[in-house]
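Me: I am new to this structure and would like to know how its labels were reached. Please take me through them one at a time.

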Amino acid sequence: MSEGEIRFVQGNEACVRGALYAGVRFFAGYPITPSTEVAEHLAEQLPRVGGKFVQMEDEIASMCAVCGASLAGSKAMTATSGPGFSLKQEAIGYAVMAEIPCVVVNVQRGGPSTGLPTKVAQGDVNQARWGTHGDHAIIVLTASTIQDVFSITVEAFNLAETYRTPVILLFDEVVGHMREKLFIPPAGELPVVERLRTDVAAGVNYHPYLPREDGRLPMSDFGGVHRYNVTGLFHDIWGFPTENPEQVSKLAYHLVDKIENRAHLLARWKEFYLEDAEHIIISYGSSARSARHLVETRRAKGDRIGLLELQTLWPFPAQLVREKTAHARNIFVVEMNMGQVTTQVKQVVQKPDRVFLVNRMDGIMVTPTDIGKVMRVIEGRGF
């Protein structure tokens with residue numbers, strides 16, 4: 001991967017290039033459509049940079065291996081699609097509780113169950129947030145272009161290392177398989193957050209779950225100079241299990257607050273023509289491509305329409321959505337599910353009755369024509 005290189009690649013390969021740029025050195029996974037190319041490219045590329053690729057026996061083992069590799073000091077990731085993502089949930093919860101930085105890529109396809117293995121969908125938004133049990137918080141990012149897939153993958157690793165948490169990259173089949181130009185920036189052009197390692201000397205009492213004043217938790221490579229406990233149980237600052245109500249409550253709030261209280265800082269988005277927009281479309285992933293096409297077409301005809309493309313889905317950027325849509329007459333949420341982001345938008349805007357869903361969930365990408373038809377119906381009603 002040369003500095004300043006320009007390539008013509010799939011979205012899945014752009015994700016791989018972004019991961020390598022961010023410093024990934026371990027991948028464990030199991031092939032599944034439409035994410036398999038992520039594993040294929042990393043199987044080729046990781047050995048060239050001194051990394052390790054392991055095809056595990058299943059998705060559960062893959063996620064567990066990623067947790068172990070990250071604890072041992074490597075930036076680690078896995079990739080899957082809907083059914084495999086379901087199987088990973090218990091170990092994702094373990095990574096949340098044990099505060100293990102890692103990246104999980106889910107290239108969405110139609111579901112439930114095996115659903116539509118080769119067709120596009122965006123039905124895993126709520127699963128990404130609530131798939132693992134218990135009260136917890138999670139960071140979920142997405143993108144609509146090949147260049148953004150690259151940069152948002154780098155960002156995923158940065159956030160994982162900063163907040164010691166699993167970060168989910170929620171792409172979809174169209175983004176994963178389409179091809180566009182990718183410019184690979186020179187090393188150092190995009191910020192890369194390295195693992196924060198403890199400065200506690202060997203032989204000195206090390207507290208693996210004692211935050212610094214800035215909230216970050218320094219890590220020591222498991223199996224290195226410090227001995228410490230790792231568990232999925234509620235634990236104290238040494239990592240040992242506890243049922244003490246005060247410690248349990250403190251840890252539960254820590255796991256949620258370190259992410260939810262920073263929702264405004266974690267918000268990533270793109271906006272188009274919002275300054276004077278009467279009608280605002282909110283979308284993400286490949287759906288946002290169709291939305292942008294419609295916006296560009298109707299702007300050329302004089303319509304005051306704009307687009308807010310979300311790149312952070314969780315924690316949901318409520319403040320951003322509320323501010324950007326404050327003066328909109330109508331809000332149209334374009335997604336390929338039955339309204340998973342639409343529900344969130346309705347909860348945060350001033351006029352939820354002016355929020356309208358534009359969707360498909362039949363394996364066919366939502367088109368500008370689909371969006372235009374719904375908008376014409378709403379406008380025809382005098383909205």
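Reply: Start with a definition: a residue is buried under 20% relative accessible area, exposed over 50%, and partly exposed in between. The model is a predicted one.

Me: What makes Arg-197 partly exposed?

Reply: Its relative accessible area is 38%. Buried needs a value under 20% and exposed one over 50%, so Arg-197 is called partly exposed.

Me: How do you know that Arg-197 forms a salt bridge with Asp-221?

Reply: The closest N and O atoms of Arg-197 and Asp-221 are 3.2 Å apart. The cut-off is within 4 Å, between a side-chain nitrogen of Lys or Arg and a carboxyl oxygen of Asp or Glu, so the pair counts as a salt bridge. Both residues lie in the loop between strand 8 (179-183) and helix 9 (245-260), so the bridge ties together parts that are 24 residues apart in sequence. Asp-221 has 25% relative accessibility and is therefore partly exposed.

Me: Why is the contact between Glu-379 and Arg-298 called a salt bridge?

Reply: Here the closest N and O atoms are 3.0 Å apart. The limit is 4 Å, so this pair counts too. Glu-379 belongs to helix 14 (residues 368-380) and Arg-298 to helix 11 (residues 285-300), so parts 81 residues apart in sequence are tied together.

Me: Are Glu-379 and Arg-298 buried or partly exposed?

Reply: Glu-379, with a relative accessible area of 26%, is partly exposed. Arg-298 is at 13%; buried means under 20%, so Arg-298 is buried.

Me: What makes Arg-360 and Asp-362 a salt bridge?

Reply: Their closest N and O atoms are 2.7 Å apart, and within 4 Å is what the rule asks for. Arg-360 is partly exposed at 23% relative accessible area, and Asp-362 is partly exposed at 42%.

Me: How many salt bridges does the whole structure have?

Reply: A search finds 21. Salt bridges also link Glu-5, Arg-7, Glu-13 and Arg-17 in a network.

Me: Why is Cys-15 called buried?

Reply: Its relative accessible area is 1%, and the cut-off is under 20%. Cys-102, at 1% relative accessibility, is therefore buried as well.

Key: Residues numbered from 1 in each chain as written. Predicted model: local features only at pLDDT ≥ 70, side-chain atom pairs only at ≥ 80, totals over all residues. Heavy atoms only, no water. Buried < 20%, exposed > 50% of the residue type's maximum accessible area, 1.4 Å probe, protein only. Helix = DSSP H or I, 4+ residues; strand = E, 2+ residues; numbered from the N terminus.
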